[in-house]
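Here is a short report on one protein model. Read it alongside the coordinates.

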Amino acid sequence: MPYQAGSSAQRIRIGLTGLAFAFLLVLLGSIISKSGHDNSVNNAQQSASNEPSEPLAELGVAPGASDASTNNLASNKQ
């Protein structure tokens with residue numbers, strides 16, 4: 001196979017063009033998918049911000065009782 005002067009430069013140019021096309025395609029896909037999920041994420045964040053957050057109590061690791069209810073239980077036992 002004889003060596004052609006412009007063949008390696010042409011291969012590099014085609015490879016970089018394909019890489020740029022793939023990057024733009026992935027970027028466009030992520031923009032489209034992100035715009036579809038924004039409304040549901042905002043609604044979930046708003047509902048979560050309204051409720052008090054006690055992640056350990058939800059998992060059952062720590063009690064979720066407030067100080068007032070614990071004081072009431074202690075006074076009832078006496």
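The mean pLDDT of this predicted protein is 75, and 54% of its residues reach 70 or more. pLDDT is the predictor's confidence in each residue, from 0 to 100. In this predicted model, local features need pLDDT of at least 70, side-chain atom pairs count only at 80 or more, and totals for chains, interfaces and linings use all residues. Residues are numbered from 1 along each chain as its sequence is written, and side-chain values use heavy atoms, without hydrogens and water.

The protein has three helices and zero strands, in the order α-α-α from the N terminus. Helices (H or I, at least four residues) and strands (E, at least two) are DSSP runs, numbered from the N terminus.

Of the 78 residues, 0% are buried. Buried means under 20% relative accessible area, exposed over 50%, partly exposed in between (1.4 Å probe, protein chains only). The protein exposes about 7300 Å². Carbon and sulfur atoms supply 62% of that area.

Leu27 sits in helix 1. Leu27 counts as partly exposed because its relative accessibility is 38%.

Methods. Accessible areas come from the Shrake-Rupley method with a 1.4 Å probe; for residues, only the protein chains shown count as cover.
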